[in-house]
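I opened the model and kept notes as I went. The entries follow the order in which I looked things up.

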Amino acid sequence: MWYVVSALPGAQLQLGLKPGVSKGMFLEKLATHALEELFERKSVRPGDTYFVAPGTPHSIGPGMVICEVQEYSDLTYRVDDFGRLDAHGKPRELHVEKALQVTKFGTFAGGQVNSLLLSNDGTTKSLLAACRYFATERWECSAKCQITVAPERFELIVILEGAGTLAWQECAARYHRGECWLLPASQSHIGVLPETLTSVIRTYVPDIPAMKMELHRDGISAAALAEVVFD
């Protein structure tokens, strides 16, 4: 999942292949370093969310900062590195054959997602996207609020905007824009005390059936959930 933190005018990402692109066409363009011609291009603005489904070729362009949330994995299949070199001045390793084995030609899933408003009770909370590997929310905090951490999981929060203090038990620490904080499962509650309007990304591994049941109880329809929850 990509959340666009900032983007210059005209910034674009590439997500998925154009309809009708075959494996043969893919290899032909790859051999001539023209692979980008086969991608669907998406113009982006700050605040946009995109869900990148498994098996979907993807790449980001210049002029943007994104927050990427994904399943826990160090696996990357790189088919083209656009001529870039590593710290030693050598091309990075490509993984064309492995990438072709998992690329889903002729199908497309995911894409841009419209967030789902969860609450607006002093803290505006929106669900950006969810699947069995992660759920990601955006919180807008103008006054003290509290993050409840479930005992079976840790959570991560990324500070998009603002400054203030995080408080737990007998401890407290300052937070600033651009930081990422690990909230351990052992801390059941974390207080957020903003000094300026604070925006955070909150992400965790969800129990999807339990999440759906809770949101249904809150009056959110199955159709609305289907727009942001990917089973």
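In which strand is the place of Thr 49? I found Thr 49 in strand β4, residues 49-52.

**Ground rules.** I note that this is a predicted model, in which local features need pLDDT of at least 70, side-chain atom pairs count only at pLDDT 80 or more, and totals for chains, interfaces and linings use all residues. Residues are numbered from 1 along each chain as its sequence is written, and side-chain values use heavy atoms, with hydrogens and water left out.

**Entry: Thr 49.** Buried means under 20% relative accessible area, exposed over 50%, and partly exposed in between, with a 1.4 Å probe and protein chains only. I then listed the contacts of Thr 49, leaving aside neighbours within four places in sequence: Met 1, Trp 2, Tyr 3, Gly 111, Gln 112, Val 113 and Leu 128. Contact here means heavy atoms within 4.5 Å.

**Entry: the whole chain.** I counted four helices and 17 strands in the chain. Both are DSSP runs numbered from the N terminus, helices being H or I of at least four residues and strands E of at least two. The C-alpha trace spans about 60 × 45 × 35 Å along its principal axes. Of the 231 residues, 41% count as buried. Among contacts with a separation of 6 or more, 67% come from residues 24 or more positions apart.

The chain exposes about 13,300 Å², and carbon and sulfur atoms supply 53% of that. The area comes from the Shrake-Rupley method with a 1.4 Å probe; for residues, only the protein chains shown count as cover.

I also checked the charges: the mean positions of the 22 positive and 27 negative ones are 3 Å apart. Lys and Arg count as positive and Asp and Glu as negative, while His and the chain ends are not counted. The place of a charge is NZ of Lys, CZ of Arg, CG of Asp or CD of Glu.

**Entry: the three-stranded sheet.** I traced an open sheet of three strands in the order β3-β2-β5, with antiparallel pairing. Two strands pair if DSSP finds at least two bridges between them. β3 (39-43) and β5 (58-60) are at the edges with a single partner strand each, so one side of each has no neighbour in the sheet. The twist averages 20 degrees from one strand to the next. Axes for such angles are lines fitted to C-alpha atoms, for helices over the stretch in contact, and the angles run from 0 to 180 degrees between N-to-C directions. Strand β2 (residues 12-17) is joined to β3 by four bridges, antiparallel. Within this sheet, Gln 12 stands opposite Ser 43 in β3.

**Entry: the four-stranded sheet.** What is the strand order in the open sheet of four strands? I read β11-β16-β13-β14, with antiparallel pairing. The edge strands are β11 (145-148) and β14 (171-175), each with a single partner strand, so one side of each is left without a neighbour in the sheet. Here the twist averages 25 degrees from one strand to the next. Five bridges pair β13 with β14 in the antiparallel sense. Ala 167 stands opposite Ala 172 in β14.

**Entry: Leu 166.** Is Leu 166 buried or exposed? Leu 166 has a relative accessible area of 2%, so I put it down as buried. Its strand is β13, residues 164-168. Ile 190 is 24 residues from Leu 166 in sequence and 6.6 Å away in space, C-alpha to C-alpha.

**Entry: β12.** Why is strand β12 (residues 155-161) largely enclosed by the rest of the structure? Because five of its seven residues are buried. β12 is joined to strand β15 (residues 180-183) by four antiparallel bridges, and Val 158 stands opposite Cys 180 in β15. β12 also pairs with strand β17 (residues 198-204), antiparallel over five bridges. There the bridge partner of Leu 156 is Thr 203.

**Entry: Asp 80.** I looked next at the loop between β6 (64-68) and α2 (96-102), where Asp 80 lies. Asp 80 counts as buried at 18% relative accessibility. Apart from neighbours within four places in sequence, Asp 80 is in contact with Leu 30 and Leu 94. Asp 80 and His 95 are 15 residues apart in sequence and 8.8 Å apart in space, C-alpha to C-alpha.
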